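Please consult the sequence and structure shown here.

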Amino acid sequence: MDDLRDAAAALAEARRVVVFTGAGISAESGVPTFRDALTGLWERFDAQALATPQAFADDPDLVWGWYEWRRTVIDQVRPNPGHVAVATIEAHVPHTVVVTQNVDDLHERGGSSAPVHLHGSLFTPRCAGCARPAPAGTGAEPEQGRRLAPPRCAHCAGPIRPGVVWFGEALPEEALETAVQEATDCDVLLTVGTSGLVYPAAEIPKVAAMFGHTVIQVNPRPTPLDEVATLNLRGPAATLLPALVEAAWPVS
Ligand code: OAD
């Protein structure tokens, strides 16, 4: 595939790389993507409707139960060869910055050193009142589809909320600044498994394209980012990313 060869050549020459990921990179680990239909008992709920401050204010047990269930799902799955390939890119190009929209910890467990979490993390709950961090995984174990009362803050007794960014909330300032700066200064930006529909995160590949850098997209389906991508690699991340790494830095 010529595009794979061209993408590998760009990667092998790059001194600064940004790997920008979305839910698709974790799909083959068994984590449903955001726009997949929710399964089982959760199919009655709209993921986007649950991911808002208003939903938490209206029904904290519903929202906390949903996020805690998602956290336990993540605990039971493993990083896939796509996550491992990203860590291999970091090993070859030391100035590689992973910027993820994912709230899972599969990049960390796949070997990435310090992924930037643009949308927060399921593993960093905090108090909804005083914003102090709270320990993860100390509440009751959730069951799929069940409400679960959020634990209370040890300092102010406020309800603990997930450490994720909800619709209508600002992204963490430092994470967004780092992402924009790295996209501005990179040689290659690799965008993997994102629909490119949610802003401001979807600006990150566009920033790299605007500065004339090579943008490589890995996704089985077309996305709005097709038009800014220099090279579009169509296929699943767990197959294409290892193939890209192997082509960039052949082992033998
Ligand atoms: P989406 O669920 O919107 O999109 C997932 C993308 O992954 C789609 O473009 C799929 O084609 C692609 N995909 C599916 N399987 C894949 C595979 N095996 N390999 C590669 N790609 C695959 O997820 P995101 O773009 O991450 O925000 O969604 C962005 C944000 O929207 C999320 O971070 C979340 C959500 O609302 C917040 O929670 C704030």
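Predicted model: local features only at pLDDT ≥ 70, side-chain atom pairs only at ≥ 80, totals over all residues.

Residues are numbered from 1 along each chain as its sequence is written, and side-chain values use heavy atoms, with hydrogens and water left out.

**Domains and their interface**

- The chain is divided into domain 1 (1-29 + 79-119 + 171-252) and domain 2 (32-76 + 126-161), with bounds from an automatic or database domain assignment.
- Taken over C-alpha atoms, the centres of the two domains lie 28 Å apart.
- Six residues of domain 2 are in contact with ten residues of domain 1 (heavy atoms within 4.5 Å).
- About 530 Å² is buried between domain 1 and domain 2, 64% of it on carbon and sulfur atoms; buried area is the accessible area (1.4 Å probe) that two parts lose on being put together, summed over both.
- On the side of domain 1 that touches domain 2, five residues are nonpolar, two polar and three charged. Here Ala, Val, Leu, Ile, Met, Phe, Trp, Tyr, Cys and Pro count as nonpolar, Asp, Glu, Lys and Arg as charged, and the others, Gly among them, as polar.

**Salt bridges**

- The count comes to nine salt bridges, each a side-chain nitrogen of Lys or Arg within 4 Å of a carboxyl oxygen of Asp or Glu.
- Arginine 147 and aspartate 59 form a salt bridge at 2.4 Å, N to O.
- Arginine 5 and aspartate 6 form a salt bridge at 3.7 Å, N to O.
- Arginine 5 is exposed at 53% relative accessible area, and aspartate 6 is partly exposed at 33% (buried is under 20%, exposed over 50%, partly exposed in between; 1.4 Å probe, protein chains only).

**Cysteines**

- The structure holds zero disulfides (pairs of cysteine sulfur atoms within 2.5 Å).
- Cysteine 130 is in no disulfide, and the nearest cysteine sulfur, that of cysteine 156, is 3.7 Å away.
- Cysteine 130 is partly exposed at 29% relative accessibility, whereas cysteine 186 is buried at 1%.
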